[in-house]
Amino acid sequence: MLTHLGIEPERLQFSWISSAESTKFIDVVTEVVEAVRKVGPNTRLVKNMVREP
Amino acid sequence: MRILQIDKKDWSAGLEKSRKDYTLMGPVKEGNNVSKFKELAAGEEPDFSITTTTMSPKSVVFPQSEVMFTFTTDSASADCNIMKVPEKSYSPRAVIGIRPFDAVAMKIVKMNFDTPDYQDPYWCDAYAACTFIGLAITDPEACDFSTSTGTGPFDTSGLDVLLVDAGDYYLAEVVTDKGDSWIQSASFDQEADAESVEILHSMRKEAKKKIESTVEFANIDKKETLDLYNEKYWDSISFPCLNCGTCTYVCPTCWCFDIQDEMAHKNGRRMKNWDSCMFPNFTIHTTGHNPRNTKLMRVRQRFMHKLKYHQSKYNMGIMCVGCGRCVTSCPVNIDIREVCKQMNS
Amino acid sequence: MHTYIDKIREIASRLLKEEAVEMVIGYQEGTLPMISPPMSVRSAEDVEKLTWSSHCCINLANYLTDIKGKVAVFAKGCDCRSIVNHIAEGKVKREDVVIIGVPCNGMMERRTISNIFGDEIEEVVEEADGTVIVRGKGREEKYQKSDILRQCCRVCVHKNPVLYDELVADPVAIPEDIQRYKEVEKIEAREIDKRWKFFENLISTCIRCYACRDACPTCYCPTCFVDEAQPQWVGKGDDEPDVMTFHILRAFHTAGRCTDCGACVSACPMGINMRAFTKKLEKDCLDLWDWEAGLTSDMRPALETFTPSDPEDNFK
């Protein structure tokens, strides 16, 4: 649904990883972090504590 | 009483000229054909085709969300635990196109925020910065019942100038010195001739006649509070109510607010947001007890406040200017005029 | 419509006289054109106030939660499914509610009519052939009901009540070629950045009145997440991230339970089509789990259960 709203799909990803699958964990985490880095810092749904007057 | 004539072809230029001394605010359309008052961007003009804006101009002095102060709890900061009021500009603002009933509503709300003992600086400073350039209602809408609430389509109470759309020109009744200052800033200086003054008077009469919707509330004042409170009709009146905040948010005389802190790690701000007596948690106590924990109690309270308590306390009529917004916006058509009729019977 | 009204009053009168129920929930004439608000009737002599029209936009199932005693409710297709959802979730007991089903050909949005007509409206009259005559400010215009139906009604495939004790009229026909999710597909066709802009614009006039939430039969939490202060999940002001979060999360809470009755849109004082959030979730429930809300009271809604065979194509 978040993708439907316009939140880039790279930002929310799912994977089943057992605690015994350490290699898979490393691979998935690296992949996701790279993907999010590519999309850049998120600006949507970010609360800015400084309000415009 | 000074009345000026402003040719419509001179209007835009005058408006622009006044921008050097005033921030202009006025009604604009947005979204799905709804409207509200906001600051007019360069070149933007107030939309006079809107008779009753969806949201009232109360937001000009009483915004839906306002930062009261900011603070940090970070002990490493020099400002730790110091409450800082944000820099806010209270430079003069001209609210152009406000309707008479909304200006009267501001005066009603002022009784709460500007008292002999306490003045709310946020509201009072904003109100003092405003010059209200009103626009008379020449074509009242069906739900306008302002003539029976103590005001009317051409009322000047609460206004600094009253504009009347007379076809090719506006007539401008200058009510106060503040209004005169704006007129001078806009360089409008053509005095209206006697004929035009006559036209204004007859337009005023015509507009009042067009209003067919009325309310009567003299009996409500005479009745005992507890008798009204214990009436059986509250059950059927309150049944359809959704307890949303629509009526209170669109109402120009409603002014309740909630104070909430918002934190981001060690930085925070205290917010003042509109609140509504319709919301279930409006009266919840820190113990968890809620004295108005049923819909019937809340609905009854709203109408008692508007039509009975306010009059009992101030003896200045009901806490309603007859703008009709609650009637047209209520999702379930709860009609204050009908409730008033029942309470008054 | 007129034959509906007589039958509605007859049934209500009978149920109250027989003391089968303590209260009947239906609709009444509004004090304004184009709105027939909900009402409750407790005595047979008041049944004449009950009516039916193409402006019965509020979902009456909303009034059933925490009801005391036995009640009767007039339920059109979508409202009826909401009642079934209530029963499935244990909010209402089947034996406490007498459902009088009303087959429905759709309701009209008063805002849509106002926007098309342009001037202040004094009267709206619906003819038997589906023409709608709108009068106001000395003018008169004719429209086809099908052109001014509510969006949710245009894509409705559940016009007839699925669960009832009595029917007010014969079931109505349901067209074969309804494209249920064309609004969702339109958004899906946009690229990501444009979608966000679309939703930002959509909620830009939201005033956090919560009429949508309060009109929704699935929203019955004793304390809604937006009203919580400790912890404060969502800011209570008009900051865009907070307004957006409210709508996103509320839509999520209704997923698999929303029957697209459109009461949220009809209730909104700003005319916001927040169905753009919920319709996508409705489509997903159908695509992923073949689930539609309110068709059976035997199963808990989609997001409360799982099966090992649930699709996981998007999992790494």
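Me: Where in chain B is Met83(B) found?
Reply: The model is predicted, so local features need pLDDT of at least 70 and side-chain atom pairs count only at pLDDT 80 or more, while totals for chains, interfaces and linings use all residues. Residues are numbered from 1 along each chain as its sequence is written, and chains are lettered from A and ligands numbered from 1 in the order in which they are written. Helices (H or I, at least four residues) and strands (E, at least two) are DSSP runs, numbered from the N terminus. Met83(B) is in the loop between β4 (65-72) and β5 (93-98) of chain B.

Me: Is Met83(B) buried or exposed?
Reply: A residue is buried if 20 or more other C-beta atoms lie within 10 Å of its own, exposed if 12 or fewer, and partly exposed in between, with C-beta atoms placed from the backbone. Because Met83(B) has 12 C-beta neighbours inside 10 Å, it counts as exposed.

Me: Which residues does Met83(B) contact, leaving aside its neighbours within four places in sequence?
Reply: Two residues are in contact if their C-beta atoms, placed from the backbone, lie within 7 Å. With the neighbours within four places in sequence set aside, Met83(B) contacts Phe69(B) and Phe71(B).

Me: What distance separates the C-alpha atoms of Met83(B) and Met316(B)?
Reply: Met83(B) and Met316(B) are 233 residues apart along the chain.

Me: What is the radius of gyration of chain B?
Reply: The radius of gyration is taken over C-alpha atoms, and the globule rule is 2.2 Å times the number of residues to the power 0.38. For 345 residues, a compact globule would have a value near 20 Å, and the value of chain B agrees with this, at 22 Å.

Me: What percentage of the residues in chain B is buried?
Reply: Chain B holds 12 helices and 10 strands, and its C-alpha trace spans about 65 × 65 × 40 Å along the principal axes. Of the contacts in chain B with a separation of 6 or more, 71% join residues 24 or more positions apart. Among the 345 residues of chain B, the buried share is 43%.

Me: Which residue is the bridge partner of Leu163(B) in β8(B)?
Reply: Strands β7 (residues 161-165) and β8 (residues 169-174) of chain B run antiparallel and are joined by five bridges. In β8(B), Leu163(B) is partnered by Ala172(B).

Me: Which residue of β10(B) stands opposite Ser65(B)?
Reply: The open sheet of three strands has the order β4-β10-β9 (chain B), with antiparallel pairing. Its edge strands are β4 and β9 (257-264) of chain B, each pairing on one side only. Seven bridges join β4(B) to β10 (residues 267-274) of chain B. Opposite Ser65(B) stands Asn273(B).

Me: How many residues does domain 2 of chain B bring to the contact with domain 1 of chain B?
Reply: Domain bounds come from an automatic or database domain assignment, which divides chain B into domain 1 (2-210) and domain 2 (218-344). Their centres, taken over C-alpha atoms, are separated by 25 Å. Domain 1 of chain B gives 35 residues to the contact, and domain 2 of chain B gives 27.

Me: How many residues of domain 2 of chain C are in contact with domain 1 of chain C?
Reply: Chain C is assigned domain 1 (2-109 + 149-304) and domain 2 (110-148). Their C-alpha centres lie 24 Å apart. Nine residues of domain 1 of chain C take part, and the number from domain 2 of chain C is 12.

Technical notes
Pairing = 2+ DSSP bridges.
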